[in-house]
Amino acid sequence: MDRKLSGAGLGLNDRARHIADRLAADAAASRVAVSRLPGGARLIDAGITVAGGHAAGLAFVQICMGGLGDLAYVPLPIGGETWPGVRVWSDHPAVSCVASQYAGWTIQVGKYFALGSGPLRAHARVETGLYAKLGYAETAEHGVLVLETRTAPTDEVAAWVGEKAALEPAALTFVVAPTASLAGSVQVAARVLETGLHKMDALGFDVKRVVSGVGWAPLPPVAKSDLRAMGRTNDCILYGGQAYYTVDADDDELSALVPKIPASASPDYGTPFYEIFKRYDSDFYKIDPLLFSPAEVWLTGTRSGKTYHAGLVNPEVLRASLYGS
């Protein structure tokens, strides 16, 4: 099987732009606000000054994944109960999840800070090492960037992003929502596939060999603050996320890889993420980076058809995080 990804690209930005156009055209029904910054960049607010919602969250996820992944709201049985959940899938997981959805671009302009995800990353390719490893690039005439933030980007931010991406600000669309919002909660929970792929990459496995993926995660209730929301959304993946990957690999590779992927393989696993964050003096970068992965993982090899499994969901920690005091 040819595992080389197309250098010509799969049109992530064009796909995402069409989704953003539909979202903007139906702004009232989706409870989003659409505006233009002075320099011409389009801003779609899905939760800062407006309510947003599940419709906006669905579009948010599709945009994050560059139109090569999809989302559905599903009932999720965990620990003898039925939880509201999301199901996400992609037939191009390395591109849709790693080249697009992963929040890998640090946007820092003056006092403004946000992490950027979405398909503009694959055009700007500021993360040069990652895109060289993926063998993926695309050239777009219009770029779409997703920001998980409570502060909308300014014209200065748009100009900075445009310069990095060699695009005029008028050719940019920013889609934004805070973590403590309906759309923000949906888009983080929908990273259940992406976190598993990122973990595989961190373990030295070539994610281009992942042929397809489908995953589930609980949908967290909206928290009272972005900090609490960060805890809840992460816990939905770490303690409730389930991911199935079809992989082009031999059985010995899969059997050795699978026990290293679940969140439970990390020494920081075991308590709600908010408590872990506080334990490290609110320094996100002190937390073991290998913690961030689904609770339960299945790997099916295309060569033998055998499936390997590791990890378990943890309803006790989930209940404490989502519905505890």
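Hi everyone. Contact here means heavy atoms within 4.5 Å, and helices (H or I, at least four residues) and strands (E, at least two) are DSSP runs, numbered from the N terminus.

This is a predicted model, where local features need pLDDT of at least 70, side-chain atom pairs count only at pLDDT 80 or more, and totals for chains, interfaces and linings use all residues. Residues are numbered from 1 along each chain as its sequence is written, and side-chain values use heavy atoms, with hydrogens and water left out.

Let's start with helix α7, residues 155-165. Its buried residues (under 20% relative accessible area, 1.4 Å probe, protein chains only) are Val157, Ala158, Val161, Gly162 and Ala165. They sit on the same side of α7 because they cover an arc of only 135° around the axis, taken from the directions from the helix axis to the C-beta atoms. What covers them? The cover includes β5 (105-109), β6, α5 (120-124), β7 (143-148) and β8 (172-177). On the face turned away from that buried side, α7 carries Glu156 and Glu163, both exposed (over 50%). Just after the helix, Ala166 has a positive phi of about 55°.

Now, the largest pocket. Two or more lining residues come from each of β6 (112-117), α9 (192-202) and α10 (226-238), and α10 gives the largest share, 7 residues. Thanks, everyone!
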